[in-house]
Amino acid sequence: MLLFYLSLIETEEDKSKFEILYYEYRERMFSSAFDVFENKEDAEDAVHNAFIGIANNIKSIDDPYSKASLSYVIKASKNSAINIYNKNNKIVKVEFDEKYYISDDEFFDSVFSESSYNEVVSAITNLKDTYKIPMYYYYVKELKLKEISKLLGVNLSTVKSRIYKGKKELLKMLGVNENE
């Protein structure tokens, strides 16, 4: 597995640093991940993900033997385990009912026919970040749903649901009847 991680790193100096981290701290990293799961397979997955992150950010490590480096790799392992744990325990299937879908054209027609630009901007800034952020990326930055999903680290269906709910919430804040 070490060869895989090393293939992610460009310079020999950085590869050497990574190799030291790998041999020096992998057992401690596994132990910190195992504390979260008490399951060998999930802990190994967490350590693997942590090592990928460390390999991608190896330039931020100066001395692989320092306490800061030890702290960094242990936190990376623990955070990776927590992320996997949360992801595994948060899987919720949301059915998307097309009959309640608000198309973008209908949405913008409703919003701007009833409200001024300043009211809309003000309402958007008052949305929860859960809705505001994906809507910003989708409508302002014009990112694709898959790009937003990857950027936010959530499922594609979650992004769709948040944009849908954000549109509904925005219409409600502006006092617009979405059936008009």
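**Close-up views of a predicted model**

View 1. Setting aside neighbours within four places in sequence, S149 touches V154, N155, L156 and V159. S149 sits in helix α8. Its relative accessible area is 12%. The cut-off for buried is under 20%, so S149 counts as buried.

**View 2. Helix α7 against helix α8.** Two packed helices are described by the angle between their axes and the distance between the axes. Helix α7 covers residues 129-140, and helix α8 covers residues 145-152. Their axes come within 10 Å. They cross at roughly 140°. Angles over 145 degrees would count as roughly antiparallel; α7 and α8 are therefore oblique to each other. The crossing of α7 with α8 is right-handed. On the α7 side, the contact is made by I133, P134, Y137 and Y138. On the α8 side, the residues are L145, I148, L151 and L152. Which classes of residue make up the contact of α7 with α8? It has 8 nonpolar residues, no polar and no charged ones.

**View 3. Helix α2 against helix α3.** The axes of α2 and α3 come within 8 Å. The crossing angle is roughly 140°. That makes α2 oblique to α3. The handedness of this crossing is right-handed. From α2, the contact draws on F18, L21, Y22, R26, M29, F30, A33, F34 and F37. From α3, it draws on K40, D42, A43, E44, A46, V47, A50, F51, I54 and A55. By class, the contact of α2 with α3 has 15 nonpolar, no polar and 4 charged residues.

**View 4. The edge-to-face pair F18 and F51.** A pair of aromatic rings is described by the distance of the centres and the angle of the planes. The structure holds 9 aromatic pairs. One of them is F18 with F51. The ring centres of F18 and F51 are 5.6 Å apart. Their planes stand at 65°, so the pair is edge-to-face. The cut-off for that class is over 60 degrees. F18 belongs to helix α2 (residues 12-37), F51 to helix α3 (residues 40-56). The two are 33 residues apart, and the pair links distant parts of the chain. Both F18 and F51 are buried.

**View 5. The tilted pair Y22 and F51.** F51 also forms an aromatic pair with Y22. The distance is 5.1 Å centre to centre, with 45° between the planes. This pair is tilted. Y22 lies in helix α2 and F51 in helix α3, 29 residues apart. Again the pair links distant parts of the chain. Y22 is buried, as is F51.

**View 6. One aromatic cluster.** Which residues form the cluster? They are F4, Y5, F18, Y22, Y23 and F51. F18 and Y22 are also part of the α2 side of the contact with α3. F51 is on the α3 side of that contact.

**View 7. D35 on helix α2.** Is D35 buried or exposed? D35 is exposed, with a relative accessible area of 52%. The cut-off for exposed is over 50%. D35 lies in helix α2. The C-alpha atoms of D35 and A81 are separated by 9.0 Å. Along the chain, D35 and A81 are 46 residues apart.

Technical notes
Residues are numbered from 1 along each chain as its sequence is written. This is a predicted model: local features need pLDDT of at least 70, side-chain atom pairs count only at pLDDT 80 or more; totals for chains, interfaces and linings use all residues. Side-chain values use heavy atoms; hydrogens and water are left out. Axes are lines fitted to C-alpha atoms, for helices over the stretch in contact, and angles run from 0 to 180 degrees between N-to-C directions. Helices (H or I, at least four residues) and strands (E, at least two) are DSSP runs, numbered from the N terminus. Angles under 35 degrees count as roughly parallel, over 145 as roughly antiparallel, 65 to 115 as roughly perpendicular and the rest as oblique. A crossing is left-handed if the near helix is turned anticlockwise from the far one by less than a right angle, and right-handed if clockwise. Contact means heavy atoms within 4.5 Å. Ala, Val, Leu, Ile, Met, Phe, Trp, Tyr, Cys and Pro count as nonpolar, Asp, Glu, Lys and Arg as charged, and the others, Gly among them, as polar. Rings of Phe, Tyr and Trp (its six-membered ring) pair if their centres lie within 6.5 Å; planes under 30 degrees apart count as stacked, over 60 as edge-to-face and the rest as tilted. Buried means under 20% relative accessible area, exposed over 50%, partly exposed in between (1.4 Å probe, protein chains only).
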